[in-house]
Amino acid sequence: MGRGRRGHAGGRGKALRPALTLLAAGAVGGTPSVAVPAAVAVELVHNFSLVHDDVMDGDQMRRHRPTVWQCFGTSAAILAGDALLALAFEVLADADHPATAPAARTLSRAVQELIEGQSADLAFEERMDVDLPECVDMAERKTGALLGCACALGAVFGHGTRGQVDHLRGFGERLGLAFQLVDDLLGIWGDPATTGKPVYADLQHRKKSLPVVAALVSGTPAAAELAALYRGDQPLSDAELHRAAELVDAAGGRAWAARRAEDLLGEALGHLRSAGSAPGPAAELDGLAQMATRRTH
C-alpha cells in the first residue's frame, strides 16, 4: 500500500509525509511543533502500509534491507503492521489539541481510501481489462489520499481556515498522484543501486502500474506484444523483462507518466498558491514537491 517504497542507499526513508504535515501547519501560520502528533500518526500509518504491502507483493528487499516478513515471518509482519496502525490512532488521540476528534476521522478516511486502493491494485493483477481512469483512481486512493491527509492534518493542527485546509489537502493529493507516477517509473527503470529494489521489479510482478496500463491501452503493436507477455503465467525471463520495459516505452507509457507527473506538480503548486500560505513554509513545500517528483530513488 502507498507504494512510496524505493529508498536511499543508506536504508532510510524520505519522511515525506510527516514533513508535509509540519510544513502545512507552518504554512497556515501555526507553530509546526503543535502538529507533531499528527505527523507521527501519518508516518506510522505509512509504515503500516509498507509492512503489509511487502507481504502482499512478496517483496524481499526494501531500502537495501530485508523486509519485515523476510526477517520475522509473514504472521509477525502482519501483526507488526496492525500494531503500527493502532499506535497511529493512539498517538493522535493523546494529542492535546481541540481538533483531535475530527483529525482522527480524517485519518481514518484516508486509511480506508488507502486500503481500497491497495485492494484494487491487487485485483488488477488478475485482470487484463484494466483501463487508465480506474488505474488513476486506484493510485489516487493508494498514495494520494494519505499525502492529502498529511497536509490537511497539518493545516488543521495549525488552525488554518476551511479554505486553507481544503487547498492544502488538494496540494497533497495532486502531489501524491505525481509521486506515484514517478515511483511507477522507478519500479521499471530505476537503478537498483539507488532504489534498493531489483531491476524491473514491478514488471516481475506483472504490476498494472500507471505507465504499464497507459501502454496497454495505447492500441499500438507494442501494446499487443506487452499484453501477450503479461498474460503468461510463467515468471518472465531477464530477456522478457528487458523487452517488456522496451514495449512500455515504445507504446508511450513512459512518456505519458512523466508528462502527467509534471502536470500534476503544476496542479499541486496551484493549490499551494491558492491556500495563501506563509512565504517561508510555502517555499519549503514547493521545494519538497519538486524533490518528490524529480527524484531518482
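How many salt bridges does the count come to in this structure? In this predicted model, the count comes to 21 salt bridges.

**Helix α2 against helix α5**

- The axes of helix α2 (residues 36-57) and helix α5 (residues 100-124) come within 12 Å of each other and cross at roughly 15°, which makes α2 roughly parallel to α5.
- The crossing in which α2 passes α5 is right-handed, and the residues that make the contact include Val 42, Val 45 and Phe 48 of α2 together with Leu 107, Val 111 and Leu 114 of α5.
- Sorted by class, the contact of α2 with α5 has nine nonpolar, two polar and two charged residues.

- Glu 116 and Arg 141 form a salt bridge through their side chains, at 2.4 Å from N to O; because Glu 116 lies in helix α5 and Arg 141 in helix α6 (residues 132-157), the pair ties together parts that are 25 residues apart in sequence.
- Glu 116 is partly exposed at 42% relative accessibility, and Arg 141 is also partly exposed, at 24%.
- Asp 121 pairs with Lys 207 in a salt bridge whose closest N and O atoms are 3.4 Å apart, and both Asp 121 and Lys 207 are buried.

- Arg 243 and Glu 246, whose side chains meet in a salt bridge of 3.2 Å from N to O, both lie in helix α12 (residues 238-250), three residues or about one turn of the helix apart.
- Arg 243 is partly exposed at 34% relative accessibility, and Glu 246 is partly exposed at 35%.

Note on methods. Residues are numbered from 1 along each chain as its sequence is written. This is a predicted model: local features need pLDDT of at least 70, side-chain atom pairs count only at pLDDT 80 or more; totals for chains, interfaces and linings use all residues. Side-chain values use heavy atoms; hydrogens and water are left out. Axes are lines fitted to C-alpha atoms, for helices over the stretch in contact, and angles run from 0 to 180 degrees between N-to-C directions. Helices (H or I, at least four residues) and strands (E, at least two) are DSSP runs, numbered from the N terminus. Angles under 35 degrees count as roughly parallel, over 145 as roughly antiparallel, 65 to 115 as roughly perpendicular and the rest as oblique. A crossing is left-handed if the near helix is turned anticlockwise from the far one by less than a right angle, and right-handed if clockwise. Contact means heavy atoms within 4.5 Å. Ala, Val, Leu, Ile, Met, Phe, Trp, Tyr, Cys and Pro count as nonpolar, Asp, Glu, Lys and Arg as charged, and the others, Gly among them, as polar. A salt bridge is a side-chain nitrogen of Lys or Arg within 4 Å of a carboxyl oxygen of Asp or Glu. Buried means under 20% relative accessible area, exposed over 50%, partly exposed in between (1.4 Å probe, protein chains only).
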